[in-house]
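Open the model in your viewer and follow the stops below in order. Each stop gives a selection and then what is found there.

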Amino acid sequence: MSFGLLKGKTGIIFGALDENSIAWHVAERAHEEGARIVLTNAPVALRMGAIQTLAEKLQTEVIGADATSEEDLENLLTRSMEIFGGKIDFMLHSIGMSLNVRKKREYTDIKYDWMSKTFDISAISFHKLMQTAYKLDAMNDWGSILALSYIAAQRTFPDYSEMAESKALLESFARSFGYHWAKKKNVRVNTISQSPTLTTAGSGVKGFDEFFAYADKMSPLGNASAESCADYCISLFSDLTRMVTMQNLFHDGGFSNMGMAPEVLE
Ligand SMILES: NC(=O)c1ccc[n+]([C@@H]2O[C@H](COP(=O)([O-])OP(=O)(O)OC[C@H]3O[C@@H](n4cnc5c(N)ncnc54)[C@H](O)[C@@H]3O)[C@@H](O)[C@H]2O)c1
């Protein structure tokens, strides 16, 4: 169902790898709500091809950009503004990858150059995106910038490894840069802390399926799906949330405020 919440707005969506990706659902919902969007992902993800299917369906363009490259980000923002014939109203950073997790290095045996790369991809890229857009003056007044996070930024989930620190850094960038964006253009910057979700990034974490079932039981509303996360993102891109900024917003079916759920003991 469409409410026309993003009618006339333009946005860039990072991170739609396949139809399970949270960003894939956000792109579909943004299109449904009347936005014009540009899709982007790392060149290696573009070669996998699924994003082209989404682009055809939404009749939009795909511009490759490695989110750790300032040059790629500048090109992405400049070309997007050319396509839109104006500035940008919203951006979604939906990017995460841990080299140590992918290569199965334990948290107590971290390889630090991989850790730096993990931070660069999963968190510093968010600062780079915001700084590039800031310097290019690429955002419209009252725009919205959003990134996806996870509760391991606040609590310990051992198998999440160095992604925990990545998310803590990501959320901190949202607060710090949120100040500057608010002062410059009344643009808001937030992170959504999402439930475990069955995607490529999610299932890279050890024991993910068991943990997914545990979180589902711990959350009185159950785990929030990728589709419902997309709905929440749309609300934050819309004009209905103009005064929400510098927040980490839990979208987790109540998980973050639970201590113990009897369902887990059953
Ligand atoms: N799946 C979960 O359980 C879950 C829970 C909470 C938060 N999140 C977060 O949601 C976001 C999206 O993840 P997802 O679950 O949809 O998985 P996903 O694997 O579909 O998306 C991750 C995306 O990051 C992109 N990416 C990796 N390196 C990149 C680079 N250098 N430049 C540009 N893009 C790059 C990948 O190509 C991919 O599209 C991530 O930030 C993730 O940490 C996921």
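**Stop 1: the strands**

Select strand 1 (residues 10–14) and strand 2, which pair in the parallel sense over five bridges. Helices (H or I, at least four residues) and strands (E, at least two) are DSSP runs, numbered from the N terminus; two strands pair if DSSP finds at least two bridges between them. This is a predicted model, in which local features need pLDDT of at least 70, side-chain atom pairs count only at pLDDT 80 or more, and totals for chains, interfaces and linings use all residues. Residues are numbered from 1 along each chain as its sequence is written.

Now pick Leu-39 in strand 2, the bridge partner of Ile-13. Leu-39 also stands opposite Val-62 in strand 3. Strand 3 (residues 61–64) runs parallel to strand 2, joined by four bridges.

**Stop 2: both faces of strand 2**

In a regular strand the side chains alternate between the two faces of the sheet. Show Arg-36, Val-38 and Thr-40 on one side of strand 2, then Ile-37, Leu-39 and Asn-41 on the other: all are buried. Buried means that 20 or more other C-beta atoms, placed from the backbone, lie within 10 Å of the residue's own. Six of the six residues of strand 2 (residues 36–41) are buried, so this strand is largely enclosed by the rest of the structure.

**Stop 3: the ligand**

Which residues come nearest to the ligand? Of the 27 residues around it, they are Ser-21, Gly-96, Thr-199, Ala-201 and Gly-202 (C-beta atom, placed from the backbone, within 6 Å). Helix 1, strand 5 (139–149) and helix 8 (200–203) each give two or more residues to this shell. Helix 8 gives the most, with three residues.

Definitions and conventions: Buried ≥ 20, exposed ≤ 12 C-beta atoms within 10 Å, placed from the backbone.
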